[in-house]
Amino acid sequence: MAVTDLHTTLNAKGLRRDERAERWRLFGLSSPALLLVLIILVIPVGWLFYVSFIGADGNFSLENYERMIKRKSYSRIFITTFQVSLLTTGLCILIGYPLAYFMSQLPTRWANLCLVTVLLPFWTSLLVRTYAWLVLLQKQGLVNQWAISIGLWDEPLKFVHNMTGTLIGMVHIMLPFLILPVYGAMRSIDGDYLKAASNLGASPRRAFWTVFFPLSTPGLFAGSLMVFVLCLGFFVTPAVLGGGRVIMVSMKIVSNIELFVNWGAASALGVVLLVMTVFILWIASRFLKLEQMTGGGH
Amino acid sequence: MLNWLKSPASETQVTHGQRLWLYAFSGIIMVLLVLPTLVVIPMSFSDSQYLEFPPETWSLRWYRHYFGSDEWMLATLTSVKTAVLTMLVATPIGVLAAYALHASKLPYVRAAFVLLITPMMVPVVLIAIGAFYAYVKLQILYTITGLVLAHTLLAIPLVVIVTGSALKGYDMNQENAARSLGAPRWKAFVTITLPQIRFAVVTSMVLSFLASFDEVVIAMFISGGDNPTLTRNMFNALRDQIDPTIAAISTIMILVTTLMMILASLFGRGKS
């Protein structure tokens, strides 16, 4: 009796050990991907961190960060970056929320069709879309031509190479990132809640604001966050549509390296940008599941 | 029509009439989402130096210019090579990682997942200058190898997320059944699991291809010399002037990506 007991425990231990080894072997399958992220991303970014604390004389110093605080041009760049990101996020909410709501009210088949129109821009190249806006909005562009021909305004208005153009282009590119999570959240809202609200005498408006809207906020929050964080580090669209008049942090990083070969200044800007991004994502991760933010649920 | 306007549109008895503004608004926005990119297509067939819509005289002038230019052809070749290789590298690595995270129930899985999706969270400019630095050390600056590695980095989060969510909806007991009948683990995966998550795998491939083909900022730093990418050249051309050649290239790109999406969705159909 005692001997069989011993055997079972030994067996159980052995099995547990085997299982652990098996799990580690399985886990090891992720090593090529992890290694790549480590070599091409983690180590170089760690090096940027280090470089940002090296002064012009090659010793440890905070001069790169001091310059950022002292120089007006740098604080202006940060203000512009936040301005553009906030405005883009706000506009995306104002435009995307009603559209997502509209889609969530349609039968699935029609909603899927609308979803294609939202996703279509996703499949077209970022550069192509930016180029398209440049063409449409320029002085002799379609928008000005048509508006003048129907008498909306007399002189061609300036839409590109300024803030307006940048915002138009960015909202167009960011909109799907907002709509998808919002739409997902809205689809999962149980219609019975709304029926109950209206049976109890709530007006449609009241039912919407007290029942539907609060239930959709996790999706709205996730989408807005995604848009905001993506905007902070955006480069292509503001560089082309801003025409050098809207300077964001990422553009300053590039010009610091391409024009001035100043790695210290570029790295310090990069570190601040990264810290801001991580901080925002960290705050958000306390309220949201990671999978929600990455859209993994859909 | 009047009846329809007065009929209830939702559980809260709001009528279609009261919602007309929403329908109009949504319609306009959807048109604005799609139309701007499509306008480029007719413009690319113009004979003029300037972009016109609609073109006064039609011609293939800008297409001839694109296909006749060694510079553009070289860049296109680099981009296509890089994108195909990225797809071939990122998909297996990413699927393997997603499977590893799903099947091994170790406590480190969450940390590994976070690490694998960081390329999505880190501003792309930082990845670009980081890769530039790493490539100078590794001596692979301006090579296709370097481009493929960096683009694979960008594609991995997409593959891991898409394949990972497909695995979540898949019943691993099927694989266990195959294994209890004597199939080795890899065989069980290849013959039982893989066919069932194939739509996710195909989607991952398409996404990896597009992520690479479309990438601008990293390519600005680490492509050049004999291997500039198409997007790098396009971006440089865009900064200087509005060249109708880009309308022609854009049209071809729209065509190629649309074709890929259609092929992917055809392939993914069938059982699922």
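This is a predicted model: local features need pLDDT of at least 70, side-chain atom pairs count only at pLDDT 80 or more; totals for chains, interfaces and linings use all residues.
**Entry 1: between the chains**

I then asked which helix of chain B gives the most to the side that touches chain A. My answer was helix α2 (residues 20–43), with 14 residues.

Next I looked up salt bridges across the interface of chain B and chain A, and the rule finds 2. I noted the one in which the side chains of Glu22(A) and Arg179(B) meet, at 3.7 Å from N to O.

For the extent of the interface, I found 89 residues of chain B in contact with 78 residues of chain A. The size of an interface is often given as the accessible area lost when the parts come together. I read off about 7700 Å² buried between chain B and chain A. Carbon and sulfur atoms give 82% of that area.

**Entry 2: aromatic pairs**

I searched the whole structure and got 26 aromatic pairs over all chains. I picked out Trp24(A) and Tyr108(B), a tilted pair with 5.4 Å centre to centre and 40° between the planes. Where do these two residues lie? I placed Trp24(A) in helix α1 (residues 2–28) of chain A and Tyr108(B) in the loop between α4 (70–103) and α5 (109–121) of chain B, so this pair joins two chains.

My next stop was Phe132(B) and Phe221(B), with ring centres 6.2 Å apart. Their planes meet at 70°, and over 60 counts as edge-to-face, so I logged the pair as edge-to-face. I found Phe132(B) in helix α6 (residues 124–138) and Phe221(B) in helix α11 (residues 217–222), both of chain B. The pair therefore ties together parts that are 89 residues apart in sequence.

**Entry 3: other ring findings in chain A**

I came across one aromatic cluster formed by Tyr97(A), Tyr101(A), Phe208(A), Trp209(A), Phe212(A) and Phe213(A).

Last, I looked at Tyr74(A) and was pleased to find the charged end of Lys252(A) sitting over its ring, 5.4 Å from the ring centre.

Terms used: Residues are numbered from 1 along each chain as its sequence is written. Chains are lettered from A and ligands numbered from 1 in the order in which they are written. Side-chain values use heavy atoms; hydrogens and water are left out. Rings of Phe, Tyr and Trp (its six-membered ring) pair if their centres lie within 6.5 Å; planes under 30 degrees apart count as stacked, over 60 as edge-to-face and the rest as tilted. Helices (H or I, at least four residues) and strands (E, at least two) are DSSP runs, numbered from the N terminus. A charge sits over a ring if NZ of Lys or CZ of Arg is within 6 Å of the ring centre and within 35 degrees of the ring normal. Contact means heavy atoms within 4.5 Å. Buried area is the accessible area (1.4 Å probe) that two parts lose on being put together, summed over both. A salt bridge is a side-chain nitrogen of Lys or Arg within 4 Å of a carboxyl oxygen of Asp or Glu.
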